[in-house]
Each structure stands twice: as structure tokens, then as C-alpha cells.
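Welcome! Please have a look at the sequence and the fold before reading on.

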Amino acid sequence: MLPTPYVKCDYDKVYEPAEDSFLLLDCLELEKGYLENRFSGRLSVVCELGPGSGIVTTFMMQNSIPTPSSESIYFAVDVNPWALQTTCDTAERNGCEKTFLEVFQSDLATSIRQKEIDVLVFNPPYVPAEDVPEIPGEDTNSDKWLDLALLGGPEGMDITNKVLSSLNKILSPTGVAYILFCARNRPEEMVKTMSALWDIKLIEQRKAGWEILSVYRFQKKRYMQ
């Protein structure tokens, strides 16, 4: 079992690592060999959308996922400035300061150069809610930032759908994405809709309290440009 990063931060401002975070870690550990084979011998570009505490990005850096640190560069993108600060702190606390890590504030992948990301990881705001919260100002009460990390609209899919619709622009030709869903997001329907264009595989599924969480791997079919 690969080590889990140590995290210490203000959980009033940043999403605390929970069952969904640890499910992603387990999935990336399961996929480590697959990713090594896919990207060995080349520079890999890794991006996590919404890193929160930075536990997932740090786990990848700490455990050479997808490739050794000399062959990988990492980006962490979040609208929450406190999450970006915490991601840098988590990386440093776990001895990853020599790994190339760049954090920047952005609304999802809008600031990322197209077709450059080899490994995309996304733990979205998947909880169904009446609306998706507005992005608050940096001096706004911290609970607004936490709402933004959790609430995903009426079916919990508003933010996830934005990323899914942009996957072809985000991923490199050989890129893969790992995206987390809850059962109320109806991921099986999403798979049926997207499988004509994407190879989609369920990596892991787990019951977490009242919810069932799952992580799917997406990769382009050969005829996609």
C-alpha cells in the first residue's frame, strides 16, 4: 500500500480529505502500472482540477504517478485561493518541493492549453443542490468556498458536464482522465451517452455512508483527433 500524504490545513476554508479523496488515491494506486506503461520514457503533464487540500496531487508526486518526478510536471487548478495555498503546503510537508508543481487560480480548465494534459484527475462538486454557488470574492466567508467544492446543481452534474464536454480539448492524444461520480449523478447513463466516442472503464466503486461513489477512466478512441 502506498503512503497517504500528511495534510494539515484550515478545513473551514478548504475541503477536508474524505471518502471520495481516499477512493481516488486507491484508484490511482491501482492504475499506477497502467500509467507507467502508457507514459514511460516521455514527459508527462498531469493536472488536477479542484485539488482542495492537495492530497491527491501530492500522492501522485510522492509515488511517481504516472512517471518519476524527473519525467512529470504537475498542475493544480482551483477557483479557491485557499486551496491553492494548501496544495503547495501539502506538497512541501510531504517532501515534494523538488517536484515541478504549478498551481493557478482558474475556472476549471479554461486556462489550460488545449490537448496538453496526459493525466487529468477531477473530484467534482457532485452533491445535488438547487443551484451551483457563485464564485465568491477572496474575502468572502469561508463556508461559501466549501459550498462551491460540494454542490453541483440539480443532479450534481453541472460542473462535471462542463469538463466532460471539454475532455477532447483538454487531453493529449494519448491522455486519460479519472473522474469521480456519486450514484445520484447517474454515471451509468453518462457512460452510455459518451461511450460512442470514449473508452470508459469503471476503476473502483465503493459505498461511503449513504452514498455510492465511483471513479471512471476516460481515454480517447483511436479515431478521435
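Predicted model: local features only at pLDDT ≥ 70, side-chain atom pairs only at ≥ 80, totals over all residues.

Which residue forms a salt bridge with E31? The partner is R217, and the closest N and O atoms of the two are 2.6 Å apart. The term salt bridge stands here for a side-chain nitrogen of Lys or Arg within 4 Å of a carboxyl oxygen of Asp or Glu.

Residues are numbered from 1 along each chain as its sequence is written, and side-chain values use heavy atoms, leaving out hydrogens and water.

**Salt bridges**

Back to the pair from the opening question. R217 sits in strand β7 (residues 211-220) and E31 in the loop between α1 and α2 (32-39), so this contact ties together parts that are 186 residues apart in sequence. Helices (H or I, at least four residues) and strands (E, at least two) are DSSP runs, numbered from the N terminus. R217 is buried at 10% relative accessibility, and E31 is buried at 6%. Buried means under 20% relative accessible area, exposed over 50%, and partly exposed in between, with a 1.4 Å probe and protein chains only.

In the whole structure, a search finds eight salt bridges.

| Pair | Closest N to O distance |
|---|---|
| R217 and E31 | 2.6 Å |
| R42 and D118 | 2.6 Å |

R42 belongs to the loop between α2 and β1 (44-49) and D118 to strand β4 (residues 117-122), 76 residues apart. Here R42 is partly exposed at 33%, while D118 is buried at 2%.

**Cysteines**

How many disulfides does a search of the whole structure find? The count is zero, where a disulfide is a pair of cysteine sulfur atoms within 2.5 Å. For C47, the closest cysteine sulfur is in C88, 14 Å away and too far for a bond. C96 has its closest cysteine sulfur in C88 too, at 12 Å, again too far for a bond. C47 is buried at 0% relative accessibility, and C96 is buried at 5%.
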